[in-house]
Amino acid sequence: MRDLSNIKNLIIKIGSSSLCDDEGNINKEKILNLIQQIAYIKRKGISITLVSSGAINAGVHVMNLECRPQTIPQKQALAAIGQASLMQIYEDLFSLFNLKCAQILLNHDDFDDRKRLMNFNNAMQALIEYDVVPIINENDTLAVEEIKVGDNDTLASLVVPAVNADMVVLVSDIDGLYDDNPHTNKNARLIRNVDGITKEIESMAKDASSKVGTGGMITKIRAAKVCNDFGCDMAIVNGNQPNVLIDLIEGKDVGTYFDGKPGRLLNSRQHWIMYRSMPKGTIVVDEGAKKALVTCHSSLLPKGIIEVRGNFLISQIIDIVDGNDNLLARGMVNYSSDEIRLIKGLNTSEIEDVLHYKDYDEVVHANNLVLVEGVKN
Ligand SMILES: Nc1ncnc2c1ncn2[C@@H]1O[C@H](COP(=O)(O)OP(=O)(O)O)[C@@H](O)[C@H]1O
Ligand SMILES: N[C@@H](CCC(=O)OP(=O)(O)O)C(=O)O
């Protein structure tokens, strides 16, 4: 048994595999089964945010197509058709339990843009105060490569700070994380508890075997890291197991549980820099700067910069890499890319001579810099 009596804010992500049958058709009975459990959990005073996949599959179903389309405009159109149909199903089924729901469609740039992110956070708080269940999906109709999250496991983990979630539950078609994909290795063993995402845990996760889901276990483990680094727990459970959500909340040993306590406990700003922002460029540093960043957690000064890639403005987020392109950190710059190109390699005392102003000694201040975990000097 686990003690989950402290859970107040829950995010439940329902994957396509838990909304559809094996052919990819939306299965209302499966959805009703989950909503029944969600209504029970809500009655215990736990606020719930849903992240639901299934728009494209619902679109295929509405249009009576034989299979998922291949072209991007067709997929975008089907997401638009299917999202409306999916929400109608949710509204109908939630109303059976006197519950109301609301739709929010997001892409990665909604997290990156701090004004939009603040609006999203405020809207989420208001929805929760109204006691309405927010239902989030990627805005697949407008999700071009540069701005998309790409999968809803990651999307659910990015929503954590907005609702201050204590736990994210990924509802899938599998009992949890196995030490190998159980669809291809019948000796694979289920892992019940994960205390920190290690390289070994990451190596167990493989892609999806079905045509229905996106990302398989790989995106789920990545999501666990994003959740755990904010101190939020995560679980993976099998939606086909009767009463699995209620059992989980009541502390029964179901699914795989990823404890948030061994995570890095990044604050909201550091978490945004590391996971929710979209880097606009790259700064390549020399070995001396690498050592200062990684071992002393120092600020990045112009002296240690070898190269600047991309075009970015003051206050934007950039990747910091070493000479071999290993990602070392992400940070917020005090100077634009054009300015850094002019001052790279110089001492801080020379900045003003070149730029004719100097607001900062540091290109990235240590307070605005988040190291990639596990990076070695
Ligand atoms: N180590 C693993 N343990 C469990 N499942 C795994 C593993 N590696 C890959 N998988 C695959 O991940 C699938 C679940 O992911 P996915 O199909 O994307 O579901 P969802 O639609 O719920 O996101 C499983 O059915 C399985 O085929
Ligand atoms: N946004 C897509 C789902 C993407 C996704 O991550 O799917 P899944 O792996 O089944 O949760 C949709 O609504 O079809």
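A polar contact, as the term is used on this tour, is a pair of N or O atoms within 3.5 Å. With that in mind, and remembering that this is a predicted model, select ligand 1 together with G216, where an oxygen atom of the ligand is 3.0 Å from a polar backbone atom of G216. Ligand 1 has 580 Å² of accessible area on its own, and the protein covers 99% of this area.

Now colour the helices and strands around ligand 1: α1 (16-19), β5 (167-172) and α9 (216-228) are the elements that give two or more residues to its shell. Which of them gives the largest share of the shell? That element is α9, with 3 residues.

Then turn to Y178, where a polar backbone atom is 2.9 Å from a nitrogen atom of the ligand.

If you widen the selection to the whole shell, you will have 26 residues around ligand 1, of which S172, D173, H183, M204 and K220 come nearest. Colouring that shell by class gives 8 nonpolar, 12 polar and 6 charged residues.

Move on to ligand 2, which has 13 residues around it, with K13, S16, S53, D140 and N152 coming nearest. Select S53 and follow its side chain, in which an N or O atom is 2.6 Å from an oxygen atom of ligand 2. At D140 there is again a side chain to inspect, with a polar atom that lies 2.7 Å from a nitrogen atom of the ligand, whereas at I56 the atom to find is a backbone N or O atom, 3.3 Å from an oxygen atom of ligand 2. Taken alone, ligand 2 exposes 380 Å², and the protein buries 94% of that. By class, its shell has 2 nonpolar, 8 polar and 3 charged residues.

Where the domains meet, select the 6 residues of domain 1 that are in contact with 7 residues of domain 2. The size of an interface is often given as the accessible area that is lost when the parts come together. Here, domain 1 and domain 2 bury about 490 Å² between them, and 34% of that area is on carbon and sulfur atoms.

Technical notes
Residues are numbered from 1 along each chain as its sequence is written. Chains are lettered from A and ligands numbered from 1 in the order in which they are written. This is a predicted model: local features need pLDDT of at least 70, side-chain atom pairs count only at pLDDT 80 or more; totals for chains, interfaces and linings use all residues. Side-chain values use heavy atoms; hydrogens and water are left out. A residue is near a molecule or strand if one of its heavy atoms lies within 4 Å of it. A polar contact is a pair of N or O atoms within 3.5 Å; within protein, one must be able to donate a hydrogen and the other to accept it, and residues adjacent in sequence count only if both atoms are side-chain atoms. Accessible areas come from the Shrake-Rupley method with a 1.4 Å probe; for residues, only the protein chains shown count as cover. Helices (H or I, at least four residues) and strands (E, at least two) are DSSP runs, numbered from the N terminus. Ala, Val, Leu, Ile, Met, Phe, Trp, Tyr, Cys and Pro count as nonpolar, Asp, Glu, Lys and Arg as charged, and the others, Gly among them, as polar. Contact means heavy atoms within 4.5 Å. Buried area is the accessible area (1.4 Å probe) that two parts lose on being put together, summed over both.
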